[in-house]
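The exercises below are meant to be worked through with the model in view. Each task is followed by a solution that goes step by step.

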Amino acid sequence: MTAIEKFREFWPRDQVFDFLIPDTPPDLDLTHGIILYLEGITVSFGGFKAVNDLNLYIGDGELRCIIGPNGAGKTTIMDIITGKTRPDSGSAWFGQQINLLKMNEPEIARAGIGRKFQKPTVFESHTVHDNLELAMVGNKQVWPTLTARLNTAQQDRIEAVLTTIGLKEKIRARAGSLSHGQKQWLEIGMLLMQRPKLLLVDEPVAGMTQQETERTAELLVSLAGTHSVVVVEHDMDFVRSIARKVTVLHQGSVLAEGRMDEVQNNPAVIEVYLGEAQCSA
């Protein structure tokens, strides 16, 4: 029984799988080398400005870390990029021509933006291979398409992703038997199956062992270039290990931006977030 045949035992025949993203993302206009433009973004909840006139630009193939205290607006920004939250004002563009504010969540995912939440979401009763196969399935409404067998190219794609995430030896293991870190890598692999151009990763190393944290750092660094990667993280040691450019948020706005050494020595950052001891570490 294939992964799709097993999966259909648990879902109604007319279910639309919006969370399984189908097609190869469209080509982006990256004329200026920028993949994501957020300009003048403001979001208020009950009178509180979670994001306040924020400008953020992510380069094509860049690995960017976003840090800031709780309530700085980090999660809200990710929600805006993925269509979960609509800003009160501002603009959000993916490449030069894709207006994210005119799209819903599935459309944004199909355009090539993948998001990984802090808590891993995998099909625990299925194998690692099955999870990757399911992630490759499109948003199909015609039921017969779900019974299709993998072709050679698709199987090769799964093998390549397994190698990237370091789970080749776990290919037949049930996802539920994996360690916390391995589940995180599997979920990243599921996103990679969808060939995202921009990958948003929320607190990837929370709850990981030191060895898993180091492996996650290697994985994210290896993805940069082929993908643009935005990492939100509180673990400063981890950020230091992967950061090329860091954006610091405070009260919904960009407080500072630059190399990690520049940011950690910025007096304003020291005052509102990192603290003297952390910055001198």
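This is a predicted model: local features need pLDDT of at least 70, side-chain atom pairs count only at pLDDT 80 or more; totals for chains, interfaces and linings use all residues.

## Exercise 1: The packing of α4 with α6

Task: Describe how α4 and α6 are oriented to each other, and list the residues that make the contact.

Solution: Begin with the geometry: helix α4, residues 128-136, and helix α6, residues 180-192, pack at an angle of about 30°, and their axes are 8 Å apart. Because angles under 35 degrees count as roughly parallel, α4 is roughly parallel to α6. The next step is the handedness, and the crossing of α4 and α6 is right-handed. On the side of α4 the contact is made by Val128, Asn131, Leu132 and Ala135, while α6 contributes Leu186, Gly189 and Met190. Sorted by class, this contact of α4 with α6 has five nonpolar residues, two polar ones and no charged ones.

## Exercise 2: The packing of α5 with α7

Task: Work out how α5 lies relative to α7, and which classes of residue make up the contact.

Solution: Helix α5, residues 152-165, and helix α7, residues 210-223, cross at roughly 130°, and their axes come within 9 Å. With this angle α5 is oblique to α7. The residues in contact are Thr163, Thr164 and Ile165 of α5, together with Arg215, Leu219 and Leu223 of α7. They divide into three nonpolar, two polar and one charged.

## Exercise 3: Salt bridges

Task: Count the salt bridges, and examine where the partners Lys183 and Glu124 lie.

Solution: With a salt bridge taken as a side-chain nitrogen of Lys or Arg within 4 Å of a carboxyl oxygen of Asp or Glu, the count comes to eleven. In one of them the side chains of Lys183 and Glu124 meet at 3.1 Å, N to O. Lys183 belongs to helix α6 and Glu124 to the loop between β6 (113-116) and α4, so the pair ties together parts that are 59 residues apart in sequence. The two partners can then be checked for accessibility: Lys183 is buried, with a relative accessible area of 15%, whereas Glu124 is partly exposed, with 42%.

A second pair is Glu159 and Lys168, whose side chains meet in a salt bridge at 3.9 Å, N to O. Here Glu159 is partly exposed at a relative accessible area of 26%, and Lys168 counts as partly exposed at 45%. Arg259 forms a salt bridge with Asp261, with the closest N and O atoms 3.2 Å apart. Of this pair, Arg259 is partly exposed at 46% relative accessibility, and Asp261 is partly exposed at 37%. Finally, salt bridges that share partners join Glu62, Arg64, Lys245 and Glu257 into one network.

## Exercise 4: The chain as a whole

Task: State how many helices and strands the chain has, and what share of its residues is buried.

Solution: The secondary structure comes to eleven helices and ten strands. Of the 281 residues in the chain, 52% are buried.

How values were computed:
Residues are numbered from 1 along each chain as its sequence is written. Side-chain values use heavy atoms; hydrogens and water are left out. Axes are lines fitted to C-alpha atoms, for helices over the stretch in contact, and angles run from 0 to 180 degrees between N-to-C directions. Helices (H or I, at least four residues) and strands (E, at least two) are DSSP runs, numbered from the N terminus. Angles under 35 degrees count as roughly parallel, over 145 as roughly antiparallel, 65 to 115 as roughly perpendicular and the rest as oblique. A crossing is left-handed if the near helix is turned anticlockwise from the far one by less than a right angle, and right-handed if clockwise. Contact means heavy atoms within 4.5 Å. Ala, Val, Leu, Ile, Met, Phe, Trp, Tyr, Cys and Pro count as nonpolar, Asp, Glu, Lys and Arg as charged, and the others, Gly among them, as polar. Buried means under 20% relative accessible area, exposed over 50%, partly exposed in between (1.4 Å probe, protein chains only).
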